[in-house]
Amino acid sequence: MKTSVITYVMAAAFGLGACEDPYLPSPSGGGGQGGIPASGGGSSGASSADGGSSSQGWEWSLPEGFPIPKVPDDNPMSHDKVELGRRLFYDVRLSENQTQSCASCHDQALAFTDGLAHAVGSTGEVHPRSSMSIANVAYSATLTWANPVLLHLEPQAAVPIFGTMPVELGMNGVEEELVTRLAADPLYEALFAAAFPDDDEPIAVGNVTKALASFQRTVISGGSPFDRYAYGGDATAISEAAKRGLDLFNSEKLECFHCHQGFNFQDSVTFEGQAFASIKFHNTGLYNIEGTGAYPEGGEGLYAMTGDPEDMGKFRVPTLRNIAVTAPYMHDGSVATLDDVLDHYAAAGRTIDDGPYAGVGSDNPYKSNFILGFELTAEERADLHAFFESLTDEAFLTNPALSNPWRQ
């Protein structure tokens, strides 16, 4: 089993399914730049509030303005599979020493992040990157911070379980033990059989990743005050300050909307029915070590995959949904607060005065052309904060359908 699992993961990471292209979102209604509505009442028109249907009787229940997620043909959605995936997501038996689950680094109350600058694996290994939110991960065109070929949730789910660089759940080499643990639980015996009724041996590693992927596709956030305002037509859902902040966000003065666009505030998304492909990564001038454009070792972004100097420091744009509860920020958690984020972009890149990472980020030769810098008054800064706060989806953070079923 070990050989087949590792082959599966490596094939996924280095080309399996790479010919399937992700798509950019079509503009939402409502008149906002970059596909983000600037006034209440808009809708993307990509789906109704009830969404569309998939196989095995699955019916999407999507927020207004949200399109239907793409689902692989070999892993159709089903309620049994989602329930199984939810159990697995919160189960510490998925780690070799049975100390961590997927939820250890993806806490629902923190929009499925962990509040740490650097994630820590089950063996205590500190990771070079921050745990990215999995809110609306069903719409992500690429997965993780800087992997251009990891396009599907099924192979991605195998990485934290079996990966070794870094060690997360630490199950590499003990795949049979994972199957044995799960098979010993009568509940899992029933859940796997219901989720994969056509399989002679449903408790299998491949079905673990399929179930996890199915659950993660339901981790959808679209019920924030902003959504009620922009898509629900409720002009009173957000404050006047938040409305001014939205206008600033959509302005050419700040340029935010170019990268944080569309219904998911992200410039690289995928969903059913889109017409053209786009995978994007950006250098934001976070580092410029010794003026060479370099980023710290282990945190070089897309460059680590491609070896192209132009890709140094390029990372995937994360969603801004629930941004007020997902500090610290950036791929390495090196920006502590939203005020620090604003300072970074206002300066067109971060300046580090001394130490091993010293350099002027605004001069990074590989920096995005959208990072130009700006000035903010105290009122404008407060307005932006109000807008960011309006993206917090409290119902999502407490939704029982996404919570730990082992505690119920």
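Guide: A disulfide here means a pair of cysteine sulfur atoms within 2.5 Å, and the structure holds 0 of them. C105 is likewise in no disulfide, and its nearest cysteine sulfur, in C102, sits 9.0 Å away. C259 is buried at a relative accessible area of 11%, and C105 is buried too, with a value of 11%. Buried means under 20% relative accessible area, exposed over 50%, and partly exposed in between, using a 1.4 Å probe and protein chains only.

Before going further, a word on what you're looking at: this is a predicted model, with pLDDT of at least 70 needed for local features and 80 or more for side-chain atom pairs, while totals for chains, interfaces and linings use all residues. Numbering starts from 1 along each chain as its sequence is written, and side-chain values use heavy atoms, with hydrogens and water left out.

Now zoom out to the whole chain. There are 12 helices and 2 strands, taken as DSSP runs numbered from the N terminus (H or I, at least four residues, for helices; E, at least two, for strands). Reading from the N terminus, the order is α-α-α-α-α-α-α-α-α-α-β-β-α-α. Of the 408 residues, 55% count as buried.

P67 sits in the loop between α1 (2–13) and α2, and its C-alpha atom is 8.9 Å from that of F263, a residue 196 places away along the chain. P67 counts as buried, at 1% relative accessibility.

Helix α2 (residues 79–89) packs against α6 (residues 205–216) at an angle of about 100 degrees, with the axes 7 Å apart. The axes are lines fitted to C-alpha atoms over the stretch in contact, with angles from 0 to 180 degrees between N-to-C directions. The two helices are therefore roughly perpendicular to each other; that label covers 65 to 115 degrees, with under 35 roughly parallel, over 145 roughly antiparallel and the rest oblique. On the α2 side you'll find K81, V82, L84, G85, R86, L88 and F89, which meet V208, K210, A211, L212, S214 and F215 of α6. By class, that makes 8 nonpolar, 2 polar and 3 charged residues. Nonpolar covers Ala, Val, Leu, Ile, Met, Phe, Trp, Tyr, Cys and Pro, charged covers Asp, Glu, Lys and Arg, and polar is the others, Gly among them.

Stay in α6 for a moment and find N207. At 5% relative accessibility, N207 is buried, and its side chain reaches the backbone oxygen of P202 at 2.7 Å. Setting aside neighbours within four places in sequence, N207 touches F192, F196, D199, E201 and P202.

The buried ones are A241, A242, K243, G245, L246, L248 and F249. Their cover includes α7 (225–230) and α11 (378–389).

Last, the backbone geometry in the loops. Most residues other than glycine have a negative phi, and most peptide bonds are trans. N136, in the loop between α2 and α3, has a positive phi near 60 degrees and is buried at 0% relative accessible area. M330 has a positive phi as well, of about 75 degrees; this residue lies in the loop between α9 and α10 and is buried at 15%. The α9 (303–306) to α10 (338–346) loop also holds P328, joined to A327 by a cis peptide bond with omega about -5 degrees. There's a cis bond between M165 and P166 too, with omega about 5 degrees, and P166 is in the loop between α3 (153–162) and α4 (175–183).

Technical notes:
Contact = heavy atoms within 4.5 Å. Polar contact = N/O pair within 3.5 Å; in protein donor to acceptor, adjacent residues only side chain to side chain.
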